[in-house]
Amino acid sequence: MARDDRIPTSRWARAAKVGRLAATQGAKQAGTRVVNLTRDEQSAQDAMARRQVETAKQIVAALGTMKGAAMKLGQVMSFLDVGLVPEEFREEFQAELAKLRDAAPKVSFKDMKKVLEEEYGEKLDDVFESFDPSPVAAASIGQVYRARYDGKDVAVKVQYPGVARAVRSDLQNLGIILRLMKSVAPGLDPQELGAEIRGRIEEELDYELEAQNQRTLARIYKGHPFVVIPDVYTSLSHERVIVSEFVTGRKFDEFKTCADEERNRLGEIIFRFYFGSMYRHHQFSGDPHPGNCLLLDDGRMAFLDFGLFKRISDEVAEYELQTQRLGMEGRGEELIEHLHGGGWLGQPEYYDPDSILEQFHDLTGWYTLDAAMALTPDIATDVMIQMSDPRSRWWGKMRHETLPPEHLFGRRLEMLTLAVISQLRATANWNRIAREWVYGDEPVTELGRQEAEFLASR
């Protein structure tokens, strides 16, 4: 549990050093310097960026041939986040992604009603007191409606007709996408990752399983001081329909314009929910996304959508936490041994203690370094680049690394949680918060104290 006080050398460590001295303002300035460091050797960077866009276009084109799984695969494989594309090419790449968005199913209510009545075996009017035919939201494989049941408003998520069959058919072509992915992330094992992705997407097609996931988290967070998981109506949830408590609140675009103090608080809630679910409860939503957060009038935050869900073993969670401890404590030699033993590093001789710690901090420094960090989209983009992009200064070493499948969705959670908090431009000492589950430290924030009291009562 010792803290490493040596002079930090990585870009994130430099940001942290500034953060220790000048808190928020220093961290904000450090974030700009972090991004500037990626702009050396401009011609080489431009060439790699061009190749990145071309590969991205190939992936989009391959997804475009799919009828059911295109958006779902795009959601799961975070490479399609525009943050990985250089600013000068983003407009071009976003146009490619727009082709997928525009291809989203347009299904009439008459057809959606047919799905509902097939699932219930009776007329819709006999199940619900009222049912608004206009969808209130769209999911990747379905739509969400508002209805009345037993005198209460409920949210009814209905799967598009035939989408399960289409997705399963498309998944047969997943290998094509993963081979393209390997060209930009050479450490990936297409066969193993394909099995993991297929398993998660197959589960997401089963709304009864999603209802079970949501019910489990709702039970875990029942009575929580700042997290709300809507209750599920088990008797109304079937393979293609899930019914839950209807919650209303401000959407992300509304509350991301709040004052600094409130945005910092909301960023901490999001961090605590996603990371805390993974490391405290060993089960988590694999889809941190602005659209899945609602700010309630009482200041609590509701989290939605538990189709893309992952459970990890105690051993997997402890392995990741030990990785974080070794990195935080500056124990580079032991970190190399630990990562090699877990299958992350195939050839440990390509690493030395200093370089492994620099790489560790480049990827995780925003929450593993003890400093106030003001997170911004540019910082999130830089982390994504360092993690899986040809422009990464670790690109050569990545060819000797792999990502064990059981850790895939945890890294996705980590990257997308950072992306969401960065859109809020929230500031905190994320390390001091994380130490609660990494080391069992006492909380240092008001939200932490509230959560500790809640956990103790359970």
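Biologist: Which residues of α12 and α18 meet?

Modeller: R263, L266, G267, I270, F271, Y274, F275, M278 and Y279 lie on the α12 side. They meet G410, R411, L413, E414, T417, V420, I421 and L424 in α18. Meeting here means contact (heavy atoms within 4.5 Å). The model is predicted: local features need pLDDT of at least 70, side-chain atom pairs count only at pLDDT 80 or more, and totals for chains, interfaces and linings use all residues. Residues are numbered from 1 along each chain as its sequence is written, and side-chain values use heavy atoms, with hydrogens and water left out.

Biologist: Why are α12 and α18 called roughly antiparallel?

Modeller: Helix α18 spans residues 408-424, and its angle to α12 is about 175°. Angles over 145 degrees count as roughly antiparallel, under 35 as roughly parallel, 65 to 115 as roughly perpendicular, the rest as oblique. So α12 and α18 are roughly antiparallel. Their axes (lines fitted to C-alpha atoms, for helices over the stretch in contact; angles run from 0 to 180 degrees between N-to-C directions) are 9 Å apart.

Biologist: What makes α12 and α19 roughly parallel?

Modeller: Their angle is about 30°, with the axes 10 Å apart. That puts α12 and α19 in the roughly parallel class. G267, E268, F271, R272, F275, G276, Y279 and R280 in α12 meet W430, I433, A434, E436 and W437 in α19.

Biologist: How do you know that D441 is buried?

Modeller: Its relative accessible area is 18%. Buried means under 20%, exposed over 50%, partly exposed in between (1.4 Å probe, protein chains only). Therefore D441 is buried. D441 sits in the loop between α19 (430-438) and α20 (446-457).

Biologist: What makes I229 count as buried?

Modeller: I229 has 7% relative accessibility, so it counts as buried. I229 lies in the loop between β5 and β6. Leaving out residues up to four places away in sequence, I229 touches Q214, L217, A218, Y221, F273, F303 and F306. L217 is twelve residues from I229 along the chain, and their C-alpha atoms are separated by 6.8 Å.

Biologist: Why is strand β6 called largely enclosed by the rest of the structure?

Modeller: β6 covers residues 241-245, and four of its five residues are buried, so β6 is largely enclosed. Strand β4 (residues 152-159) runs antiparallel to β6, joined by five bridges. V156 has V243 in β6 as its bridge partner.

Biologist: What makes β5 and β8 edge strands?

Modeller: The open sheet has three strands in the order β5-β9-β8, with mixed pairing. β5 (227-228) and β8 (293-295) each pair on one side only. Helix α12 (residues 260-280) packs on this sheet and touches β5, β8 and β9. The direction of α12 makes about 35° with that of β9.

Biologist: How many bridges join β5 to β9?

Modeller: Two, and the strands run parallel. Two strands pair if DSSP finds at least two bridges between them. V227 has M301 in β9 as its bridge partner.

Biologist: How many helices and strands does the protein chain have?

Modeller: The chain has 20 helices and twelve strands. Both are DSSP runs, numbered from the N terminus (helices H or I, at least four residues; strands E, at least two). Of the 458 residues, 57% count as buried. Among contacts between residues at least 6 apart in sequence, 71% join residues at least 24 apart.
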